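Student: I have a structure open and would like to talk through how it is put together. Could we start with the aromatic side chains and then move on to helices and cores?

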Amino acid sequence: MKLRDIQIRETDSNDFNSIMTVEERAFGYDKEAQLTAALLQDKTATPILSLLAFYKNEPVGHILFTRVYINHRGTQPLLHILAPLAVIPEYQKQGVGGILIQEGLKSLKKMGSEMVFVLGHMDYYPKHGFTPDAAKQGYSAPYPIPEEFANAWMVQSLSSEGFTSEKGKIICSDELNKPEHWRE
């Protein structure tokens with residue numbers, strides 16, 4: 001497989017089964033697929049950005065970004081969280097996830113989103129521009145992150161101003177703001 005042969009596009013309602021297949025195959029169980037399905041229906045998650053990666057017209061990867069707020073759900077800059085990122089096993093470790101992240105960040109910037117958060121692999125996401133330990137930048141996770149995993153809570157600024165937004169606790173959509181999504 002060559003990365004130039006991967007096509008990325010925004011999803012629509014006809015893609016639901018493809019998204020579910022990618023999520024289930026990528027993780028080997030359906031917890032992430034159920035979360036994704038719930039997030040796609042969650043009105044408090046909008047505006048969302050959902051992208052599918054295709055290789056030879058087969059869906060091989062999916063990424064989802066949903067709306068977050070700082071401290072409260074009032075009027076404030078557009079901010080997002082990346083969750084989940086899924087690539088089916090036979091296409092993992094080949095750059096598909098990276099392409100999904102980069103295309104997603106480009107699209108979010110065009111939408112006017114100013115920052116993106118992720119709770120993820122401490123060695124992977126910094127390669128894609130995320131700053132470890134978002135709490136050190138002034139942005140605490142919705143639920144406490146154990147000290148040994150502080151670097152897994154990350155942020156990336158999409159604006160030229162950097163981390164100038166109001167500081168505080170990140171409030172996710174109703175679905176993602178449940179404590180079970182924030183524990184190992």
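**Aromatic rings, helices and cores**

Tutor: Ring pairs link Phe 117, Tyr 139, Trp 153 and Trp 182 into a cluster. Please keep in mind throughout that this is a predicted model.

Student: How many aromatic pairs does the count come to?

Tutor: The count comes to seven aromatic pairs. One of them is formed by Phe 27 and Tyr 29, which are tilted, with 6.2 Å centre to centre and 45 degrees between the planes.

Student: And how exposed is Phe 27, and what about Tyr 29?

Tutor: Phe 27 counts as partly exposed, because its relative accessibility is 27%, and Tyr 29 also counts as partly exposed, at 43% relative accessibility. Another pair is that of Tyr 55 and Tyr 91, whose ring centres are 5.6 Å apart and whose planes are at 55 degrees, so this pair is tilted.

Student: Which parts does the pair of Tyr 55 and Tyr 91 tie together?

Tutor: Tyr 55 lies in strand β2 and Tyr 91 in the loop between β4 and α3, so the pair ties together parts that are 36 residues apart in sequence. Tyr 55 is buried, with 13% relative accessibility, and Tyr 91 is buried as well, with a relative accessible area of 17%.

Student: What sits over the ring of Tyr 69?

Tutor: That is the charged end of Arg 67, which sits 4.0 Å from the centre of the ring of Tyr 69.

Student: Switching to helices, which residues of α1 are buried?

Tutor: In α1 the buried residues are Ile 19, Met 20, Val 22, Glu 23 and Ala 26.

Student: What about the length of α1, and what follows the helix?

Tutor: Helix α1 has 12 residues (residues 16-27), which at 1.5 Å a residue should span 16 Å, and its end C-alpha atoms are 17 Å apart, which agrees. The helix is followed by Gly 28, whose phi is positive, near 80 degrees.

Student: Now α3: which of its residues are buried, and what covers them?

Tutor: The buried residues of α3 are Val 96, Gly 97, Gly 98, Ile 99, Leu 100, Ile 101, Gly 104, Leu 105 and Leu 108. Among the elements that cover them are β1 (6-10), β3 (58-70), β5 (115-119) and β7 (153-157). Just after α3, Gly 112 takes a positive phi of about 100 degrees.

Student: Which residues have the most contacts inside the largest nonpolar core?

Tutor: They are Leu 82 and Phe 130, in a core of 34 residues. The elements that give two or more residues to this core are α1, α2, β2, β3, β4, α3 and β5. Leaving aside neighbours within four places in sequence, Phe 130 is in contact with residues including Leu 82, Ile 101, Leu 105, Phe 117 and Met 154. A second, separate core has 19 residues, among them Leu 64, Ala 134, Trp 153 and Leu 176.

Student: One last thing, is Lys 127 buried or exposed, and where is its place?

Tutor: Lys 127 is exposed, with a relative accessible area of 67%, and its place is in the loop between β5 and β6 (139-140). Lys 127 and Lys 31 are 96 residues apart in sequence and 26 Å apart in space, C-alpha to C-alpha.

Methods
Residues are numbered from 1 along each chain as its sequence is written. This is a predicted model: local features need pLDDT of at least 70, side-chain atom pairs count only at pLDDT 80 or more; totals for chains, interfaces and linings use all residues. Side-chain values use heavy atoms; hydrogens and water are left out. Buried means under 20% relative accessible area, exposed over 50%, partly exposed in between (1.4 Å probe, protein chains only). Helices (H or I, at least four residues) and strands (E, at least two) are DSSP runs, numbered from the N terminus. Contact means heavy atoms within 4.5 Å. The expected span of a helix is 1.5 Å times one less than its number of residues. Rings of Phe, Tyr and Trp (its six-membered ring) pair if their centres lie within 6.5 Å; planes under 30 degrees apart count as stacked, over 60 as edge-to-face and the rest as tilted. A charge sits over a ring if NZ of Lys or CZ of Arg is within 6 Å of the ring centre and within 35 degrees of the ring normal. A nonpolar core is a set of buried Ala, Val, Leu, Ile, Met, Phe, Trp, Tyr and Cys residues joined through side-chain atoms within 4.5 Å.
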